[in-house]
Amino acid sequence: MERYYQPEIETASREQIKAWQDERLVKQVRHVWDNVPYYRKKMEEKGVTPDDIKSTEDLPKLPFLSKADLRDAYPYGLLAVPLKDCVRIQSTSGTTGKRVVAFYTQHDIDLWDDCCARAIVAAGGTNEDVCQVSYGYGLFTGGPGLNGGSHKVGCLTIPTSSGNTERQIMFIKDLSATILCCTPSYAAYIGETMKEMGMTPEQIPLKAGIFGAEAWSEEMRQDIQNTLGIKAYDIYGLTELSGPGVSFECSAQTGMHINEDHFIAEIIDPDTGEVLPEGCQGELVFTSITKQAFPLLRYRTRDICVLTREPCPCGRTHVKMTKPRGRSDDMLIIRGVNVFPSQIETVLLNHGYPANYQIIVDRVNHTDTLDVHVEMTPEMFTDNMGEITRRQKELVDGLRSMLGLTAKVTLVAPKSIVRSEGKAVRVIDKRKI
Ligand code: DLL
């Protein structure tokens, strides 16, 4: 039987959810207008005042907010409460410019922990479980978020953080961890290390994994489920909106329920900003309606996905988003063709390769080149050049039919591509454009 952390919220009627959203949106818009000059200016520029916002239907009247705004307003420009009311900051890794710093009141942390608790219960977690949190702790939201959720559920929490993989496996085994939380690439690495240590999935008590923070394919899910002997659940979120737990997967494993009592989701055309109807693929935009310290209105995530309100067999009524296939700013344009790293991953996994690969894009004589380095498993490893050439050609053909592009594929020795304990770095773009 499906269990819920907050059944009255997670299975509320659509009318009830809409009523919560309408009421909270109106309050939130007033809150930012009164407390955040940056927002007031943006709203004034668009000719909108809080009186114009009466329900979710009025959302399109509000201006969008983007990462560029967050950088402009760094560090305190979007803070909506006095600093003395904040108890925590978290921050992004800042790989694409200045870090984003998000602020939390105790109330914000409580609600965030609830969202993560919903995800853990949806993955089958109860207070009898032992939950090992192997996301990084610190400024990254993964560790603190799942840690808070695990406490709320009442699991025995093992805060290993990421790294020291053999110790991770020792704890899983010795302390009988039943739930593992980490990035999917780290879960794959833990599985690989276990295998090297001569361990089988039957020797560990894990039953579920809660994996997110980066794009991962269905094929990678199957792989992880088999190597760790678990059911693997996706979880999504971003620092700007709190962290993990903006949405999470249920037993149906067909998309992630967005916690709509806290976040209103829209899908827009990334080029025109036009709101798209349900079922269309586009950029996900969120409005956080319960956050006090750092509320974001119509925040453009750059994540590309589809929303659906079709009834879910799990009984949850909150809208579902598909796995983001990547960020619009991760999308590579190679010789004019749009390429998502996840498409390349799908081809590799379909041909039996592990998700250890690196995509190198360059520009030689004004033409883009696409090189894919793919690791062989120890079982596949051979020094027979004829065999290697045959396999490389097979992958070139597979990639051509997926992408419509010719790539150069190089099979490399097992363990030659650096493993990630957090988010994997899959793409090296050397083009200077
Ligand atoms: O990655 C929060 C998080 C931690 C989510 C742990 C899940 C688990 P950021 O570092 O701010 O926050 O990165 C946010 O990561 O906009 C997506 O592009 C990507 N992302 C997060 N979860 C998923 C997922 C955390 N399940 C950015 N699938 C987001 C695909 C994801 N991409």
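Leu70, Ala73, Tyr74, Pro75, Gly77, Leu78, Arg99, Val100, Val101 and Phe294 line the second largest cavity. This is a predicted model, where local features need pLDDT of at least 70, side-chain atom pairs count only at pLDDT 80 or more, and totals for chains, interfaces and linings use all residues. Residues are numbered from 1 along each chain as its sequence is written, and side-chain values use heavy atoms, leaving out hydrogens and water.

**Exercise 1.** Sort the lining of the second largest cavity by class.

*Solution.* Start with the rule: Ala, Val, Leu, Ile, Met, Phe, Trp, Tyr, Cys and Pro count as nonpolar, Asp, Glu, Lys and Arg as charged, and the others, Gly among them, as polar. Now go through the list, and you get 8 nonpolar, 1 polar and 1 charged residues.

**Exercise 2.** Find which helix gives the largest share of the lining of the largest cavity.

*Solution.* First, look at the lining, which includes Asp108, Leu111, Trp112 and Cys115.

**Exercise 3.** Work out how many residues of helix α10 (residues 341–350) are buried.

*Solution.* Take the cut-off first: buried means under 20% relative accessible area, with a 1.4 Å probe and protein chains only. Then count along α10: 9 of its 10 residues are buried, among them Pro341, Ile344 and Leu348. Finally, see what they pack against: the partners include α9 (218–228), β17 (357–364) and α11 (385–403). Just past the helix, Gly352 has a positive phi of about 90 degrees.

Methods
Buried < 20%, exposed > 50% of the residue type's maximum accessible area, 1.4 Å probe, protein only. Helix = DSSP H or I, 4+ residues; strand = E, 2+ residues; numbered from the N terminus. Contact = heavy atoms within 4.5 Å. 1 Å grid on protein atoms, 1.4 Å probe; cavity = no way out; pocket = protein on both sides within 12 Å on 5 of 7 lines; lining within 4 Å.
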